[in-house]
Amino acid sequence: MNVALAPADEPAAAARLAHPAARALIRRHYFRWWEALPWAAAIGFYFAFPAYLAFGTELLITVLFALSLDLALGYAGIITLGHAAFFGTGAYAVGLLAFHGVWTEPITSLVLAAMVAAAIGFASGLVLLRTRGLTLLMLTICTMALLQEAANMAHDYTGGFDGLPNLPIAPIFGAFAFNPLYDNTQYLYALAVLLISFLFVRTLVYSPFGQSLTGIRENLLRMHAVGAPVRRRLVICYTISAALAGVAGGLWAQTNAYVNLSALDLDRAATVLIILILGGYGRLYGAFVGAAAYLALEHFLARVYPTAWQLGLGLLLVAIALFAHNGILGIGAMLWRRYGRRRAAA
Amino acid sequence: MTAISLETEGLSRHFGALTAVNRVDFKLAAGARHALIGPNGAGKTTFINLLTGVLMPTRGRVLLAGRDITARAQAERVKLGIARTFQINRLFRGLSALENVCISVAERVGAAPSMFYPAGRRADVIEESMHLLETLKLGDAARHRVSELPYGRQRLVELAIAIGLRPQVLLLDEPAAGVPSAETHIILDAIERLPEQIAVLIIEHDMDVVFRFARRVTVMVGGAVFAEGTPREIEANPQVRSVYLGQAAELAAHG
Amino acid sequence: MIENIDFADILLGGISAGTVLFIVSVGLSITMGLMGFVNLAHGAFAMFGGYVIVLAMNRAHIGFAASLALGFAVTAVLSAVLERLLYRRLYRAGELDQVLFTIGLIFIFIAATVIVVGPESQLLTLPPGLRGQLDLGFTHYRTYSVFLIVVGFLIVAGIWLAVERTRIGAQIRATVDNRRMAESLGINVDRLFTITFAFGSGMAAIGGGLGAEFLGLDPQYPLKYLVYFLIVVSVGGLGSVVGVYCAALLLGVLDFVLKLYVPKGGTMFIYVLTILLLLWRPQGLFGRKEP
């Protein structure tokens, strides 16, 4: 069926693979030295700031949540303001099981949270991803609002507005218990989950599947025209993204031993979107940079001057939208390229 | 009797009251070099969209090597062997030329759905894409982002993406459109070097290109086939001259 | 279950609430249909204008009609300035940038309102002529609500006529249909956008002021009702005045009815309906189908 081009010979093929462009692609997935930095920083943080481990845990969970959104938004180009739907699903899955004494083992609970969130992601993705633009945005918001209302209505099980406090979480591997006063276990647990999840996302992003997602984001029509089953890829991506968001939500419920309706809030969905864009979407580490920057600023400013914080955030968003929509990492990449060019010219 | 790669039977497409394509019977032979010409708005791009599945016809059939593919979606038709280029480039702008072609080749060889190993390990995909770029004299551009390339070379990348699919049938929608005249020869050379077995249909306005390249010409006016024949026959046809070539000559005289 | 509530009362209550939604949202529908711009900050203009109207009446003791006019004018001018300076730069940008930008604007408006006026709710003091009850024959109903319904109907009729019968309306319809063609016909699309945007925001201001009783008027307004405005606009169909009107009334009546009979979970029903409708007809009830 397919017509063959002229057959290639061995030395010529090797020469082609040695071309700088080819080498760049072959090496794209190699680990670079600076990729160890965020993890070194995370471990250093553990030892350097033992009093701030609650904040640190929140940061790690937010990074995971933003990372999940990056898969959908940054790599597949699915614009959603409803990602908290999956975060909340994971959180409530864990919370309901623990609160009602059904299941308290943390690691398997997380797996379950991922599966439930994935199921919802798959079902909603199958249906929603037929639409695009404003319609899709609306549908993601409505799905999330729908789940929040459902959680509210089922207040006999979910505790409604007050939520489910004091969730009993069993010790990890039977040995490491969560202590609400000292967040050591929570922090390391979250760090481990984040590391595993990140390696998973990284593998996915550098795989041929990840490359096709980038193609879909860059030029949807062209992807159709090269024979890619676009909708299938988008639904798979959305499902995986939902699963990871569910893990983040489950982590959140476990480390706080608490879950309430805020897990499904528009506010949460909007915040994670802001964080990802602030850091830079489609760049794997944007989630790290954005979460760190946002949460640090919020921690110091929002408590003290909430209105000024909101004003500043608004101005920042306007500035980003107008001038820097590739976020902090985008600015960094641009400066790096310019610096590289100047060095080449000199 | 030459094998027919692609044909249409009574293909029509209406947009409300407007008939964009009107009962077109068209045959594209295997290994053809076939040009489709006609005034602006004659329905040529709509016709290509119908052939590729971007649009569904209101009436009629599309057949590929005898098989009815009228109901098939665009992506399916690509898998069956139809590839196209667009009149305005549809490239993956933020990616390098090599990555652009790799996406297309990866799709073809079935590597694309794989999630758990790095794309960099598919040396076959990368090697074939580099080979293709080199054939189109794009070797030195491989590393660069396509958005940074001059328009003529972008057009070549567009062509490379389509060729990377190793189609049976290649539909080119004004491949030289928008390319500065100093660079058009690169595109035309590339088209001339296409493998013999591929059936090529090219929409063109430039009659020099048509004469150089086409062995058969179809003239489309008002969504219907107006005339068909060899380039010489078409050029000599007085009705065609008045409808189309006459216009062009007038434009040339005043332009 | 509440007995003895007249069916007519329910209908009137829902329609008046829906009318408020309509007046606020009509501008959003027109600008989104015309400019294709996802303006999540539309509610912020409604809030801003509402504050101008209410403060003009309460603190500067300006009359009702004059305050409405003032609110319209000030908001229209402000939005025109923002459109020229900022919005314009994002017309070609992706949806993501537009969402970000407008969320940022919302935050700015909210913070500015808290700083300048304060976090409390504002109350609209009705002019004496609009207080009390009106005898409609088949029932007695709040004069103000009837007033709202009438005003709403006049507005939708007025805008519809303007769009269908005036030259500028024709220009808007042409630009919505095919922007490039409209430009080549000599229509000054840039100016059209500014005028339409200003008008839409001015309308929102009126809706914000008039609806202060139903929707309240406090700094959280743009976020509180964002989803409702979006639902009304997308269900009605972008760019369709009649569509927005119908969707708003429908939503108003549904909300009213559900609050009475299904107090817990009424909103869920609305979300489910919206989802189902948008899946069945992504372009909304009266929207144009994308080819």
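Student: Which order do the strands of the open sheet of four strands in chain B have?
Tutor: The general idea is that two strands pair if DSSP finds at least two bridges between them. Helices (H or I, at least four residues) and strands (E, at least two) are DSSP runs, numbered from the N terminus. Here the order is β2-β1-β4-β5 in chain B, and the pairing is antiparallel. A word on what you're looking at: this is a predicted model, where local features need pLDDT of at least 70 and side-chain atom pairs count only at pLDDT 80 or more, while totals for chains, interfaces and linings use all residues. Residues are numbered from 1 along each chain as its sequence is written, and chains are lettered from A and ligands numbered from 1 in the order in which they are written.

Student: Okay, which are the edge strands?
Tutor: Look for strands that pair on one side only: in chain B those are β2 (18-29) and β5 (67-68). Strand β4 (residues 59-64) of chain B is joined to β5(B) by two bridges, antiparallel, and there Leu63(B) sits opposite Asp68(B).

Student: And which helix lies across β1, β2 and β4 of chain B?
Tutor: That's α1 (residues 44-52) of chain B, running at about 65° to β2(B). Angles like this run from 0 to 180 degrees between N-to-C directions, and axes are lines fitted to C-alpha atoms, for helices over the stretch in contact.

Student: Now strand β8 of chain B: how many of its residues are buried?
Tutor: First the rule: a residue is buried if 20 or more other C-beta atoms lie within 10 Å of its own, exposed if 12 or fewer, and partly exposed in between, with C-beta atoms placed from the backbone. In β8(B) (residues 199-203), five of the five residues are buried, so the strand is largely enclosed by the rest of the structure.

Student: Which way do the residues of β8(B) point?
Tutor: In a regular strand the side chains alternate between the two faces of the sheet. Ala199(B), Leu201(B) and Ile203(B) point one way, and Val200(B) and Ile202(B) the other.

Student: Which strands pair with β8(B)?
Tutor: Strand β3 (residues 33-37) of chain B runs parallel to β8(B), with four bridges, and Ala35(B) is opposite Ile202(B). Strand β7 (residues 169-173) of chain B is also parallel to β8(B), over five bridges; Leu171(B) faces Leu201(B) there.

Student: What do β7(B), α6 of chain B and β8(B) make?
Tutor: A right-handed β-α-β unit, with α6 covering residues 184-192. A crossover is right-handed if, with the strands pointing away from the viewer, the path from the first strand over the helix to the second runs clockwise.

Student: Over in chain A, at what angle do helices α9 and α12 cross?
Tutor: The axes of α9 (residues 184-206) and α12 (residues 230-256) of chain A come within 11 Å and cross at roughly 175°. That makes α9(A) roughly antiparallel to α12(A); angles under 35 degrees count as roughly parallel, over 145 as roughly antiparallel, 65 to 115 as roughly perpendicular and the rest as oblique. Among the residues making the contact are Ala190(A) of α9(A) and Leu251(A) of α12(A).

Student: Last one: how many residues does the contact take from chain C and from chain A?
Tutor: Two residues are in contact if their C-beta atoms, placed from the backbone, lie within 7 Å. The contact takes 33 residues from chain C and 30 residues from chain A. On the side of chain C that touches chain A, α4(C) gives the largest share, 16 residues.
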